[in-house]
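Work through the exercises below with the sequence and the model in view. Each task is followed by its solution.

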Amino acid sequence: MRDVYAIGIGITSFTRLEFPLSEIAAYPVMMALKDAGIKEIDHLYVANMGGARVNHQTGLASAVVDTLSLTPAGAEVIENGPASGASAIKQGFLAVASGMHDVVAVTGAERMREVNSIEATEFVATLTHPLAEYIYGVTLPSLAGMFTRAYMEKYGVTSRHLAMVAVKNQNNALLNEFAHIHQAITVEGILDSPEALTNNPFIADPLRFFDCCPVSDGGASVILATREVAEKTGRPLVRLAGIGQATDTHCVHEREEPTDLLAVRRAAAQSFKMAGVGPLDVGVAELHDAFTILEIVESEEVGFFKKGEGHLALERGETQIGGKIPINPSGGLKGRGHPVGATGVAQAYEIVLQLRGEAGKRQVADPKIGFTCNFGGFGNNVVCLTFAREN
Amino acid sequence: MSVDLEKILRPIDHEMPPFPPKYMTIASGEEMVIRQVTRDEIPDILIHVAPLMSVERDFYDVVAARVYAELLAYYRHRMQDEYVLVAQIDGELCAVVNGRRVDGDTGMSLHTLALRRGLRIGAHAFAAKMEYHMDILGHKEVLIVAESPIGFRRWMIEYNLEKRFEIPHELGGPPSYALTSEIFERARGTLVIGRRPVPDALLEKAMEAILPPSDPPTPPEDLLAATRSKYDPTGTALILQRWMQQEKEEK
C-alpha cells in the first residue's frame, strides 16, 4: 500500500446554516482545495447520514461534485451513521493507498436543523434496532442515560465529572471560531447554583442538558493524496498512518458487559497497530463526546487511561489543552457541534490542524501523533484514525 | 374653540405596581438581575436595541424594530399600561421584555429580546414577565404569540400554552396562545425561578447604569460576501471570484 497524506483541510461554521446541504458539503472542499493549493481531484467521497430523510436530497455526491465544477471526478456518498465521516476518510485512504487514485477529497456534511430538535433526535434514533429498540421509543440520549447510570454505579463517575467534561469542552470551543457553542459555562452555574436545575435540566437521567451535544449543521473536508503530491504542496506532511474499525452488537442490551465499549477498544487497537504507535504516544485526540460520559469512557477504551480511571485523569486536568493528553481541543461534539455526517471529518480537520501547529489559541504543545474516535450507533460501529506528523 | 389634543392622544395609564427585582445564577456562573425600568431609562435601552434591527437571523430585525417602537411609544406616552423589565449582568443589558395590561384579568405579552444569546437569558426574562402578570398584576391569563421558531419552542412548547386562536394578538393579529394561572403554577420553580431580595451590591450595580451588550452585532466582515449568514451561497461565489482575481493579479 502507498502512504497517504492529508494535504488540505476545510470547514464551515457548525451552527444553523440556511443554505442547501449540497452547499454545506461543497464549501469546505473548496477551502480544502485552496489549502492544498490544488484545483483537481480524482474522486470525491461525501459522508452524510440524513440527506434523504431530513433534507429530501438524494444523490448528494453528484450534486456536490458538480457544484464544485469538479466533474468528471467520480463521486459517491458514504453512510455509516454518525461514523460516516471517518468511514468516508477510510474509503478515501483505500483509494489512494491502493493506487487507484492519487488525490481524493472527502467531505462530510449534515443539515439537521432544517427540522426541529424532536425530529432530529427521532431521525438519529433510526440507527437503533428497528424491532428491539426503535419501536419502543429508544433514542440515543435514552441509551446514553442508561449507560451513564450503569457506569456511575460501577466506576464512581459522578454528575460533577460529567459537568467537568462539559465545561472543559465548551471552554475549548470558545477558542474555535467555527464551533457551534460559544458560551462559557461553569460547574457552579450548571450543577451547584439554586437555579442549576432550570439552567441544566435533565434530558435522560442522569444526563442533563449540558451533557448532550447540540444539533448542528455543518461541513468539513480533508484532501488525501500520495506522498508525491503532498510534497509538492510545501505544507507540513501529515500522514494518515492508521485506521481501525470494529463493530459490536446492534442492540445495546445484547452486550455481555454493558459498560464496555468493545468496538472502541478494538478499533483503536487496530488503528494504533497499523500506525506502529501506542496510545501513550498520542499528543492530541478528538473523541466522540456526543454525551459527556462518552469522552470519559472512550479515553479509557482507547488506552489513554486504565478502565474506570478516565474520570480521575479528568480531575487531574490531564485532558485539558495543557494537560498530558489533551482531548477535544476543538470543543468536541459538545462544543464544536455534531452534524452527524460531518463529525468524523471535522475530527480529522482538527487533528491535521494541530499536527501542523496551526490551531492558534487552542494549539496543543508540539503534538506528533494525533488520534480520532468516530462513534457510530451507540458504539456498534466505530472508526478510529491515527495521524502522524512527518516533518 | 381650542382643544388640547395631547389629552386625547395620550392614553391614561393605570397605576402599575412595581415588579420586585430578583436575581439568579445562570449557566455561566454569573448572577443576572431582572428588574423593572422607568420611562426615564428607556433612551438608554433604545440605543442598544437599534443595532439589532439589521440582524435578519431568527427574526431579530422584526422583534427589535417592534421592541424599539413599543419602548419609544411607552417613553412618549403612546401605549397604554405598558411595563418594561430588563435583565442585566454586571450592569450589562442582556434582555428586554415588555407587555401590557389589557384589563384586570388579561395581560398582553409583547416582546422578549435577548441581547446576549443562550444560557436561557431570554427564557428567564420571559418567565419574569409572566410572573409580573400573574403574581403582581393578578391576571388570570396572558396572551402570547411568537415571531421566531426559537420563541415558539421556548413559549408554546416548553410551557405547553393553551390555544386562544379566536383572539387576534396585538402583535400583527395572529391567533393567540395563552398562559393560564394553572400553566404558570406548573412552571413555578422549574421554568419560573429566581431569588429575592437581590443583594444590595448586585442591585446597585444594575441600577447604576444600563451598560451596552458585550457582544453587539457587528457589520459583516465582507459586505459583499455576507448576507443571511457568513457562509451563504452568494458568499461562496464571491470568495471564488476573489481568489481568481487574486491569482490573476499575482501572475
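A salt bridge is a side-chain nitrogen of Lys or Arg within 4 Å of a carboxyl oxygen of Asp or Glu. The model is predicted.

**Exercise 1.** Find how many salt bridges cross the interface of chain B and chain A, and check the one that involves Asp58(B).

Solution. Step one: applied across this interface, the rule finds two salt bridges. Step two: the side chain of Asp58(B) meets that of Arg16(A), at 2.6 Å from N to O. Step three: the cut-off is 4 Å, so the pair Asp58(B) and Arg16(A), at 2.6 Å, qualifies.

**Exercise 2.** Describe the interface of chain B and chain A by contacts, area and residue class.

Solution. Begin with the contacts: 32 residues of chain B touch 26 residues of chain A. Next comes the area: about 2,500 Å² is buried between the two chains, and carbon and sulfur atoms give 54% of this. Nine residue pairs are in polar contact between chain B and chain A. Strand S1 (22-25) and helix H8 (233-250) of chain B each supply at least two residues of the side that touches chain A. H8(B) gives the largest share, seven residues. By class, this side of chain B has 12 nonpolar, 11 polar and nine charged residues.

**Exercise 3.** State the span of helix H3 (residues 60-75) of chain B and what its buried residues pack against.

Solution. H3(B) has 16 residues and reaches 22 Å from first C-alpha to last, close to the 22 Å expected. Its buried residues include Tyr60(B), Val67(B), Glu70(B) and Tyr74(B). The buried residues of H3(B) pack against helix H2 (42-49) and strands S3 (82-89), S4 (92-101) and S5 (106-114) of chain B. Just after H3(B), His77(B) has a positive phi of about 55°.

Conventions. Residues numbered from 1 in each chain as written. Chains lettered and ligands numbered in written order. Predicted model: local features only at pLDDT ≥ 70, side-chain atom pairs only at ≥ 80, totals over all residues. Heavy atoms only, no water. Helix = DSSP H or I, 4+ residues; strand = E, 2+ residues; numbered from the N terminus. Expected span 1.5 Å × (residues − 1). Buried < 20%, exposed > 50% of the residue type's maximum accessible area, 1.4 Å probe, protein only. Contact = heavy atoms within 4.5 Å. Buried area = accessible area lost by both parts, 1.4 Å probe. Polar contact = N/O pair within 3.5 Å; in protein donor to acceptor, adjacent residues only side chain to side chain. Nonpolar A, V, L, I, M, F, W, Y, C, P; charged D, E, K, R; others polar.
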